[in-house]
Amino acid sequence: MLEATLNEILYVVNPLKNDVEIRMRIISELRDVVSSIESLKGATVEPFGSFLSQLFSRWGDLDISIELSNGLHIMVPAKKHKQKLLGDLLKALRRTGSFWRLQFVSHARVPILKLESKIQNISCDISVNNLTGHMKSKFMLWISLIDSRFRDMVLLVKEWAKANNINNPRSGTFNSYSLSLLVIFHFQTCAPPILPPLKDLYPGNMADELIGIRADMERRIEEIAVSNIARFRKHRRANHCSLPELFISFLGKFLDISTRTTEQGVCTYSGQWENVSTNTRWLPKTHPIIIEDPFEQPENSARAVSQSQLARIAHAFNNTYNLLIDPYQNRNTLIPSLVRPEISRFFPGAAFVIPRANFWPYPWSNQNAPHGSHSSSPSQPQFQKMRQAKLNQPKNSKGRQNGKQPSPRQGHTVNQQLQTERPISQQLSVDRPNTGQQWHGQAPRPVLPQIVTPPWPHTLQPSSNSGAPQWPFKVSPAAQAQQIWRQK
């Protein structure tokens, strides 16, 4: 059941061709506005973030960087200069009438102009000379080329986090970047690992090396990263976990997130939990949780998370985890805990009420687990044993287990639940990553979008044979025109 549900969610949240075209149209409108401003003469408008890394959903926002002209060299304008330029842009955007809900966040660490396009109300965050963000987005794209399950997991985790109201840094919870880093960390700490420590992809602190001639800098970083990615793919051990197994173990890995992070931080650069007390980069500890930015050390990508919201984040991890290992799960009760009510129209039959993961706590959690150097999350065999143990409990004549009444929220009878509850490997027929084997089951898998080259120039492409990036990197005009959308 979980396999089919996750694939249904992916089918819904993956962008259509029209979603990409709309964002390209917004970028074009912003370019027209920027070109009309005297103080921004010669500046370029460049997308970054999830749009560049291809980790955006149909309703994802758009991150834009206004890159100032400085010949071939990288320009580093002062914060006050950025604030002035964004102020000029704000005035020009108000005159156009194409955008609304404009908000100038001038005193943030990185000054940002927030707005919404009147085209489908796409949210946009505009900054000035955010080359660091641009390069981070490229790294996310390169990482997604190592294993296609990474992109699927990021989309699922971000949608789950929105459904549980823990993906909003303004309210003291995670931003999307820190959620993506948690997925990377999970893939690094699987057995065998799906992703390497990021120091093995690019040794050093990337943000400190963004100097000199931009084209040379970008080419050098890309060559190092892609060469190391190809080396890792060649020598890694295959991990055959399915997407549902990875999603459940992701939740299980962070069951004790509110207590473990008092002593340890998430470090994707080294690919392991690190003790805060022995990591001088993180001292003094001023935030409830540390998820270090591997490309801009020692910045904490989760610095917006508050102590009170961290407890609620742990609550969401625990309750969704318990829901997913429940043998009486069904599609109509799974979906409301995994997607937002705002997109409920795409899931007919699902009982969208107050999310179960937020307001119906389960009787147990793993928050008192001991802290150690290895993940404390239960393994997949343990998941299967727990699920099977519940199914094998003795039943009375009315089909109830140990006299316990089935929950009225679950929407159907115990007999129907037992009929729909099947081992994950028997529910769909899908290709397992890195193997030619098929899983055989009942429901066809929706056609999901293929990860290909984005519609702007980019040089890294997966090989059609092995999937590993190849050198030299050349972009054909046809490849540049490819998209990541699925057809309607």
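**Note on a helix crossing and salt bridges**

1. In this predicted model, the axes of helix H6 (residues 148–163) and helix H9 (residues 243–253) come within 11 Å and cross at roughly 50°. Axes are lines fitted to C-alpha atoms over the stretch in contact, with angles from 0 to 180 degrees between N-to-C directions. Helices are DSSP runs of at least four residues (H or I), strands of at least two (E).

2. H6 brings Arg149, Asp152, Met153, Leu156, Val157 and Trp160 to the contact (heavy atoms within 4.5 Å). H9 brings Leu243, Leu246, Phe247, Phe250 and Leu251. By class, that is nine nonpolar, no polar and two charged residues.

3. The whole structure holds 21 salt bridges (a side-chain nitrogen of Lys or Arg within 4 Å of a carboxyl oxygen of Asp or Glu). In one of them, Glu8 pairs with Arg331, closest N and O atoms 2.7 Å apart. Glu8 is in helix H1 and Arg331 in helix H12, so the pair ties together parts 323 residues apart in sequence.

4. Glu116 forms a salt bridge with Arg101, at 3.4 Å between the closest N and O atoms. Glu116 lies in strand E4, Arg101 in strand E3. Glu116 is buried at 13%; Arg101 is exposed at 54%.

5. Arg109, Lys136, Asp293, Glu296, Glu299 and Arg303 are linked in a salt-bridge network.

6. Residues are numbered from 1 along each chain as its sequence is written, and side-chain values use heavy atoms, without hydrogens and water. Local features need pLDDT of at least 70 and side-chain atom pairs 80 or more, while totals for chains, interfaces and linings use all residues.

Notes. Nonpolar A, V, L, I, M, F, W, Y, C, P; charged D, E, K, R; others polar. Buried < 20%, exposed > 50% of the residue type's maximum accessible area, 1.4 Å probe, protein only.
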